[in-house]
Structure formats: structure tokens, C-alpha cells
Amino acid sequence: MARTRSIVVRILVFTVGVPGLGGAWVPWLILTRHGGTATPAAWEAVPVIAAGTALYVWCAWNFAAVGRGTPGPWDAPSRFVAAGPYRWVRNPIYVPRS
């Protein structure tokens with residue numbers, strides 16, 4: 001139980017730090033720096049963003065459940081992940097560490 005909690009915390013820290021910072025917080029700061037509002041310019045993009053977020057959550061879950069690691073290369077999975085989306089697509093950065 002403690003190991004599972006540790007993996008979940010590490011994934012949350014990675015998510016807030018990497019995709020959260022670059023994909024949400026920094027763009028929001030840029031859009032609102034001169035008193036502007038961060039309203040979507042194209043509402044048609046919302047389903048695409050939601051689908052991407054769902055895919056990310058699925059991938060992060062597989063990294064934790066199957067690989068016992070996180071998407072971050074500094075805390076890579078200790079087991080090879082060939083489940084979920086990684087059944088069809090591979091990225092060489094996600095090879096388990098030795």
C-alpha cells in the first residue's frame with residue numbers, strides 16, 4: 001500500500017510539474033499578464049484537449065500499475081510497459097532502466 005501511494009504521489013508531482021506547468025500554467029500566465037482573460041478562442045478544441053488528457057491519465061496509470069514508475073525519464077518504470085496505448089505505440093525513452 002505504501003509503495004502504491006508513493007507511485008501515485010510521484011506521478012502527481014510529475015503531472016503538476018511537467019505537463020501542468022508547460023501545458024496549463026505558463027500559457028495561462030502569458031494570456032493574463034496584461035489584465036487579459038484566459039477564455040478559449042476555439043471551443044472546438046475542448047473535446048480534443050479532453051481526449052488528450054484522458055489518454056495521458058491512461059498512460060500514467062499504466063506506468064504506475066504495470067511498470068511501477070512514472071512518465072518522467074528520471075523515474076522510469078522498472079518493468080516494460082506493453083499495455084493500454086503502449087501496446088500499439090512505442091517511444092524509446094520508455095524502456096525500463098537496468
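The report that follows begins with the basis of the values and then moves from the whole chain to a single residue.

## Basis

This is a predicted model, in which local features need pLDDT of at least 70 and side-chain atom pairs count only at pLDDT 80 or more, whereas totals for chains, interfaces and linings use all residues. Residues are numbered from 1 along each chain as its sequence is written, and side-chain values use heavy atoms, with hydrogens and water left out.

## Overall architecture

The protein has 3 helices and 0 strands, arranged α-α-α from the N terminus on; helices are DSSP runs of H or I with at least four residues, and strands are runs of E with at least two, numbered from the N terminus. Of its 98 residues, 21% are buried, that is, under 20% relative accessible area with a 1.4 Å probe, protein chains only.

## Packing of α1 and α3

Helix α1 (residues 2-17) packs with helix α3 (residues 46-67) at an angle of about 145 degrees, their axes lying 10 Å apart; axes are lines fitted to C-alpha atoms over the stretch in contact, and angles run from 0 to 180 degrees between N-to-C directions. I7, I11, F14 and T15 of α1 meet Y56, A60 and A64 of α3, where contact means heavy atoms within 4.5 Å.

## Residue N62

N62 lies in helix α3 and counts as buried because its relative accessibility is 7%. Apart from neighbours within four places in sequence, N62 is in contact with G67, V81, A83, G84 and P85.

Notes. Buried means under 20% relative accessible area, exposed over 50%, partly exposed in between (1.4 Å probe, protein chains only).
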